[in-house]
Amino acid sequence: MSKAHDAAALSRCLADAGYTREGVSAFLGPIAWDALARISPAPAKAICEREQAHPLSALVRAFWLGQPVEADALAAALTHAGATAAESLGLVATDGERATPLVTLRSVSVSTGAREHEFLVASDRDELCGVSPLPNHHVLGVGGSTRTLISLLPDSASRALDLGCGCGIVALQLSQLADEVIATDISERALWFTGLNAALNGIESIETRLGSLFDPVADERFDLIASNPPFVITPRSEEAAAYEYRDAGRTGDALMLEVVEGLSRHLTPGGQARMLGNWEGDVARMQSAAVGLSGFVIERERLDPARYAELWIRDGGTPVTSSEGESMLRAWLADFASRGTASIGLGWVVLQEGNGPIETEALAHAVDPRWLSEHFTAALAAQAALTRINDDSLAELHLVVSSDVVESRHARPGAAGPNVIELRQGGALQRTLTADTALSAFVGVCDGELAVGQIIHALAALLEVDAEALLAQLLPQIRSAIVSGFLHVEEPTA
């Protein structure tokens, strides 16, 4: 039988058994389900042992927790057709009375804006299955960083590229947004998982290609490039483990620079890129690499070399306090010291084909991922539109304050007026903008009736200041407020 036939048969059997995200969470209950997210399998194991007669017991033990199970129990949960398909696809190995899982197979839910999809996703057995430290060729499942990247994606594209696809979860989501998806990776095992996961979910629009970075798509262009590349800055020494899924074998942040530099050669006019990444030192390194592009680099966190090294040593399953962990940490610190690296930035890269500004921002507070897709799509469009108009044209626009914006005023006791005025977003990136009296007053009357220039001239008269000076002060702030989503252009009615 074909791979597609076996995958479809297995998927049907799993669905019939209730092996969905909702079904498994209901079977385990909230305490055990939440514990799984913390890489704590004991509560789930206890429930599976107590409820051995339940069909989900064998499936959760085998495919979620990576435990060998009785072959008869697996066959009963899946039916013999499903169990045979699982073995044929390489998910389990049956030896007499035992069925040993070779991979994990979990039901995951991911979302881009309002679009939420549930997929069956196979990947290598992990720490939840008792595998620690992870092997160098390990193919990750779905983690927090991958979910973040998916939340950054736009809601549509014609042709999309998943650069460094891993298990293929980003490619699966792209297949719901784009007509055609190319998924590349340097790991043959990663491409095997991507193809398997496409088949398990009945998706035929994903093409996998083997090769490094842009090599498999050398002369091709895409409307959308998504990438969670192997960006982890790792010492080039024997002491530090080099994992394929996170380390591309480059020195420092050369991998990130190489990917960003290559984007403009592979994006269609107006095409977009959404990426995660790490960079050494100042975020300006990403700006300088983004030739022929415009957009945003958002720094979500900044770590010193020791904290950065500890993060990734633990990520590989090695205790930092072990002799091996301490050896790794010394190698990491020596590597950073050799380049004079004092800090490392971690964040998001959202770019668009076309020369324009690359705006940078440090954003450490929590952000609701539901707004990311819509916000960055609007922000890129606004940035491109504002780049094409001068201040005279800006002064003719009619603006409206976004519906999620509120104003807060803070004053010291007894003060005649506020010492601080803040504009806050409920959506978008949930920013807080500190405003002076003039900007606050301007935003407050943006209801689409008057043009920007009319409002500023009226404010100048009210505040008894020079109108041209107020224009020069406010117009750059207004541009920024439009791009960041505090204001938007009132569209003319038909």
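Colleague: What handedness does the β-α-β unit made by β7, helix α9 and β8 have?

Modeller: Bear in mind that this is a predicted model. The two strands, β7 and β8 (residues 206-210), pair in the parallel sense over five bridges. Helix α9 (residues 188-200) belongs to the unit with them, and the β-α-β unit is right-handed.

Colleague: Which residue in β8 is the bridge partner of T184?

Modeller: We're still on the parallel pairing of β7 with β8. Look in β8 for the partner of T184, and you land on R209.

Colleague: Why is strand β7 largely enclosed by the rest of the structure?

Modeller: β7 has pairings with β6 and with β8. β7 covers residues 178-185, and it is largely enclosed because six of its eight residues are buried.

Colleague: Now the open sheet of three strands: which strands stand at its edges?

Modeller: The order is β1-β3-β2, with antiparallel pairing. β2 is joined to β3 (residues 98-101) by four bridges, and T94 has A99 as its bridge partner in β3. An edge strand here has a single partner, so one side is left without a neighbour in the sheet; that describes β1 (69-70) and β2 (92-95).

Colleague: Over to helices: how many nonpolar residues are in the contact of α5 with α6?

Modeller: α5 (residues 55-64) and α6 (residues 71-88) pack at about 55°, axes 7 Å apart, and are therefore oblique to each other. From α5 you have P55, A58, L59 and F63, meeting A73, L74, A77, L78 and A86 of α6. No polar and no charged residues turn up by class, and the nonpolar count is nine.

Colleague: And how is α2 oriented relative to α3?

Modeller: Helix α2 (residues 21-28) packs against helix α3 (residues 30-37) with the axes 6 Å apart and an angle of about 120°. Roughly perpendicular stops at 115 degrees and roughly antiparallel needs over 145. That angle makes α2, relative to α3, oblique.

Key. Residues are numbered from 1 along each chain as its sequence is written. This is a predicted model: local features need pLDDT of at least 70, side-chain atom pairs count only at pLDDT 80 or more; totals for chains, interfaces and linings use all residues. Side-chain values use heavy atoms; hydrogens and water are left out. Buried means under 20% relative accessible area, exposed over 50%, partly exposed in between (1.4 Å probe, protein chains only). Two strands pair if DSSP finds at least two bridges between them. A crossover is right-handed if, with the strands pointing away from the viewer, the path from the first strand over the helix to the second runs clockwise. Axes are lines fitted to C-alpha atoms, for helices over the stretch in contact, and angles run from 0 to 180 degrees between N-to-C directions. Angles under 35 degrees count as roughly parallel, over 145 as roughly antiparallel, 65 to 115 as roughly perpendicular and the rest as oblique. Contact means heavy atoms within 4.5 Å. Ala, Val, Leu, Ile, Met, Phe, Trp, Tyr, Cys and Pro count as nonpolar, Asp, Glu, Lys and Arg as charged, and the others, Gly among them, as polar.
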